[in-house]
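Work through the following exercises with the sequence and the model at hand. Each task is followed by a solution in steps.

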Amino acid sequence: MASDGVPQYVYGVVPADGRGRARAPGIGGEGVRVIRAGRVGALASPVPDADGELPAGREELRAHAQVLEAALAEFAAVLPMRFGIVMPSDAAVRDELLGPHSAQLEAQLDELAGKFEMGLKALYDEDAILREIVTENREARALRAAIAAAPADATYPQRIRLGELIAAGLDERRLVDERAIAERLERFAIAVDLRPPIHERMALNAAFLLDRERLGRFDEELELLAAESHPRIGFRLTGPLPPHSFVELSVER
Amino acid sequence: MATAMQYGSGTRPYRGGSGYVARSSSSGLYDVLELILDKGLVIDVFVRVSLIGIEILTVDARIVIASVDTYLRFAEAVNRLDLMATETQGLPEMMDGLTESGASSKTKGAITGAREALFGDDEEVEGDKEAQGSRKRSSSTRRSRSSS
């Protein structure tokens with residue numbers, strides 16, 4: 001084939017049934033194609049650099065995600081690859097990625113057909129949560145009064161201690177709220193993936209695996225929960241996204 | 001580039017419902033980083049990919065939760081709080097005051113803040129500017145050739 005020998009950036013795996021086309025431009029603006037082997041295919045685009053070197057900046061990250069998001073709408077199922085997979089040639093994609101793992105890939109494509117991921121982040125409102133923690137903690141209240149009554153440079157230890165109490169108060173509340181939110185929503189989802197918080201005021205950082213049918217009820221429940229939690233906790237829902245958090249490949253040599 | 005523009009326009013306000021959930025149809029840059037660096041299929045050593053540079057990006061993505069800076073910032077925020085407000089202002093009034101700005105915009109602000117810390121300041125910026133310095137990273141991925 002013409003493109004054999006050209007390094008290929010691989011975005012993900014899709015069914016090779018001939019339905020669906022890759023529409024979004026790939027990394028570096030390159031066209032994305034489906035490289036097929038049997039019943040599975042890989043979304044890939046050529047890497048212009050002959051050594052297969054690739055910059056890993058924001059444009060490349062965006063392009064990777066964009067190709068997969070577009071594919072989610074086009075193909076029956078998409079198995080997203082992690083960012084940064086470059087293979088030496090079309091042949092390598094067929095012979096090393098698709099061929100040897102075809103059974104597992106097909107099984108996952110079947111399993112994830114029609115399903116997608118919704119990302120949910122819950123964040124404490126700063127004023128509301130600080131007020132709650134300080135109001136409920138006698139030591140924090142006393143520290144606050146002491147700090148307010150003295151010049152700033154005289155209260156360094158007190159300020160550190162107050163900050164520690166706040167951080168500990170946030171951790172306690174996060175333990176409770178993360179579980180409560182996840183338990184309330186998981187019965188409407190096929191699966192849940194809980195990740196560590198990525199912000200100091202984040203109560204929950206999760207991905208839910210859903211299908212069209214479940215999304216409506218999940219959404220209703222989330223709206224109820226968000227209304228109840230307002231203004232203490234705010235929610236941000238992202239998706240539908242390709243099921244990044246729910247693909248896996250057990251590797252056996 | 002067209003890709004980037006389509007990408008940024010994914011955010012849309014929620015239509016209908018109580019509107020307490022901020023929504024976006026596609027992932028923001030921060031979500032992208034979190035998802036595609038940490039999650040997704042990884043094939044075994046046959047694929048011969050090395051992720052030079054990616055670890056650095058991943059480490060950058062971890063926001064340090066507890067540090068002296070954080071403590072001092074919390075203390076400062078607590079001192080700015082008007083605790084009297086809680087005692088005199090009833091919950092219904094607080095709700096009135098907060099409905100307009102809403103939980104959704106707060107959430108968005110903070111997440112944008114985190115994103116800003118990761119990617120510098122050319123992303124949309126609003127809300128929490130929590131002394132997170134802007135850092136930019138660019139590094140490269142290399143494919144190590146399979147020896148054959």
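This is a predicted model: local features need pLDDT of at least 70, side-chain atom pairs count only at pLDDT 80 or more; totals for chains, interfaces and linings use all residues.

**Exercise 1.** Determine how strand 8 of chain A is paired with strand 9 of chain A.

*Solution.* Strand 8 (residues 191-195) and strand 9 of chain A run antiparallel and are joined by five bridges; strands are DSSP runs of E with at least two residues, numbered from the N terminus, and two strands pair if DSSP finds at least two bridges between them. Within this pairing, L194(A) has A206(A) in strand 9 as its bridge partner.

Residues are numbered from 1 along each chain as its sequence is written, while chains are lettered from A and ligands numbered from 1 in the order in which they are written.

**Exercise 2.** Identify how strand 7 of chain A is joined to strand 9 of chain A.

*Solution.* Strand 7 (residues 115-124) of chain A runs antiparallel to strand 9, with nine bridges between them.

**Exercise 3.** Is strand 9 of chain A mostly covered or mostly open?

*Solution.* Strand 9 spans residues 202-211 of chain A. Seven of its 10 residues are buried, so the strand is mostly covered (buried: 20 or more other C-beta atoms within 10 Å of the residue's own, with C-beta atoms placed from the backbone). For chain A as a whole, buried residues make up 50% of the 253 residues.

Technical notes
A residue is buried if 20 or more other C-beta atoms lie within 10 Å of its own, exposed if 12 or fewer, and partly exposed in between; C-beta atoms are placed from the backbone. Helices (H or I, at least four residues) and strands (E, at least two) are DSSP runs, numbered from the N terminus.
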